[in-house]
Amino acid sequence: MINLDFESEKVYNTGRAPINIHAFKVPLGKVHIIKERCKECGYCWTYCPKEVLEKSDYVNKNGYHPPRIKKGKESACVACGMCEAICPDFAIFVEEIKNE
Amino acid sequence: MIEEAIHPKDIYLRSDRFPHIWCPGCGLGIVLKSYVDAISKLDIPLDHHVLVSGIGCTARLPGYANVDSYHTTHGRAIPFATGLKIVNPELQVTVISGDGDLFNIGGNHIIHAARRNMDILVVCVNNFNYGMTGGQHGATTPEGARTSTTPYGNIEHSFNLPYIMASLGASYVARWTSLHVRQLTKSIMKAMKMKGFSFIEVISPCPPNFGKYNKFNDGLSQMEFFYENSVLDNNADLSEAYIDFSGKRPLIVGEFVQRIRPSYIELERDLIKRAMEEP
Ligand SMILES: Cc1ncc(C[n+]2csc(CCOP(=O)(O)OP(=O)(O)O)c2C)c(N)n1
Ligand code: SF4
Ligand code: SF4
Ligand code: SF4
Ligand SMILES: [Mg+2]
């Protein structure tokens, strides 16, 4: 099956536990949505590996429902960048939060 | 969340033209994303990039990228690109155009560019139909597939693009779907570093035309088909890598050809040198 090449998989899904998992910082992402560009294709909320996104009630000027962050998932984004990469409309991007 | 945030890739786009004209779920925006992602990561100066297309939905793509671009006549992207490269070999010349444009009306040009191992990169976005003009079938429409002009199913054999390109001697041949966005970006970056003719086929959803006639009600259902049926096989027997949407055969993707073979520009330089040295 295909490898979607999620950066996060390297840490979570390899089955090979790192020697000290606590030494690994899980990246934290901040999602930005450019609502008026969205065409509601659903790719971002379908392919987010952390299920952070869902369709919102908001209707943009072209009649589409852009994504929003699900309740309770406000700090679940791991900045993998999949939503940004897969959005055909340049309507979503993620910023990695650097916290020391 | 900052609503007015500017997309980090906007500097590589003609963002005043957004939202773009493509339909919801159309894969073309993803190809544009991969292209701008690739040029943003490479060390080639932006003013060395040229993007060329013919006519069609795909051919609108260069109009959205903030590099020098040529939206040429139907089927003739390759001759324009060839001319640009020969006159100024410093340029990174990339053609991004549709299956109909490159392999139906422009079919003759692309086979000769591959045969010559011309130093250009061609990205063919294959949506298996003429999207812009209402979904007519063409040489890339898979056998059995329905389109607006083959309502009972296409009876013709279709072109198997990587097989054709590999047989003609292209230096680099790959195929991805619009779901393989990261692999596509890496592929474009690699192809831009290769000498000679590089070819990347991108299988892409066209929901209102090809999709509608083939039980893909939206872009997502065709992306799910890619997800379930794609098989990565860099060593695939390309004669078997043709596409059908019956779900009975794997959709083979990968980097099939990477070879070093004298390119047209190299051979031409060598020829000029020899001619000058002759008494
Ligand atoms: C000489 C000429 N013949 C026909 C047309 C009509 N025409 C416009 S786009 C197109 C097909 C484009 O198909 P493709 O390259 O697959 O692009 P897509 O829209 O599917 O991305 C055709 C036949 C034209 N513009 N010029
Ligand atoms: S970057 Fe996007 S796809 Fe990745 S976890 Fe965050 S919201 Fe989900
Ligand atoms: S991928 Fe982009 S266009 Fe599609 S629903 Fe998400 S934000 Fe909207
Ligand atoms: S008709 Fe097809 S190829 Fe053209 S913009 Fe719509 S989905 Fe894309
Ligand atoms: Mg087409």
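Which residues lie nearest the centre of the largest pocket? The legends below start there. This is a predicted model, where local features need pLDDT of at least 70, side-chain atom pairs count only at pLDDT 80 or more, and totals for chains, interfaces and linings use all residues. Residues are numbered from 1 along each chain as its sequence is written, chains are lettered from A and ligands numbered from 1 in the order in which they are written, and side-chain values use heavy atoms, with hydrogens and water left out.

**View 1. The largest pocket has B:Lys85, B:Pro89, B:Asp119, B:Met194 and B:Lys195 nearest its centre.** Those five belong to a lining of 23 residues. Strand 3 (92-98), helix 6 (181-193) and helix 9 (264-277) of chain B are the elements that each give two or more residues to this lining. (Helices, H or I with at least four residues, and strands, E with at least two, are DSSP runs numbered from the N terminus.) Sort the lining by class and you get 10 nonpolar, five polar and eight charged residues. Here Ala, Val, Leu, Ile, Met, Phe, Trp, Tyr, Cys and Pro count as nonpolar, Asp, Glu, Lys and Arg as charged, and the others, Gly among them, as polar. The space inside comes to about 400 Å³. On a 1 Å grid over the protein atoms alone, a pocket is an open set of points with protein on both sides within 12 Å along at least five of seven lines, while a cavity is a set where a 1.4 Å probe fits but cannot get out; lining residues have an atom within 4 Å of a point. Grid points are joined across faces, edges and corners, and a volume is the space filled by probe spheres set on the points.

**View 2. Chain A wraps up cavities lined in part by cysteines.** The structure holds four cavities of 30 Å³ or more.

**View 3. An open sheet of eight strands in chain B runs in the order 2-1-3-4-6-5-8-7, with mixed pairing.** Two strands pair if DSSP finds at least two bridges between them. At the edges sit strand 2 (68-71) and strand 7 (230-232), each pairing on one side only. From one strand to the next, the twist averages 20° (axes are lines fitted to C-alpha atoms, for helices over the stretch in contact, and angles run from 0 to 180 degrees between N-to-C directions).

**View 4. B:Ala174 is found in strand 5 of chain B.** Strand 5 (residues 172-177) runs antiparallel to strand 8 (residues 251-258), joined by four bridges. Across the way, B:Ala174 stands opposite B:Glu255. B:Ala174 and B:Gly254 are 80 residues apart in sequence, yet 5.6 Å apart in space, C-alpha to C-alpha. B:Ala174 counts as buried because its relative accessibility is 0% (buried means under 20% relative accessible area, exposed over 50%, partly exposed in between; 1.4 Å probe, protein chains only).
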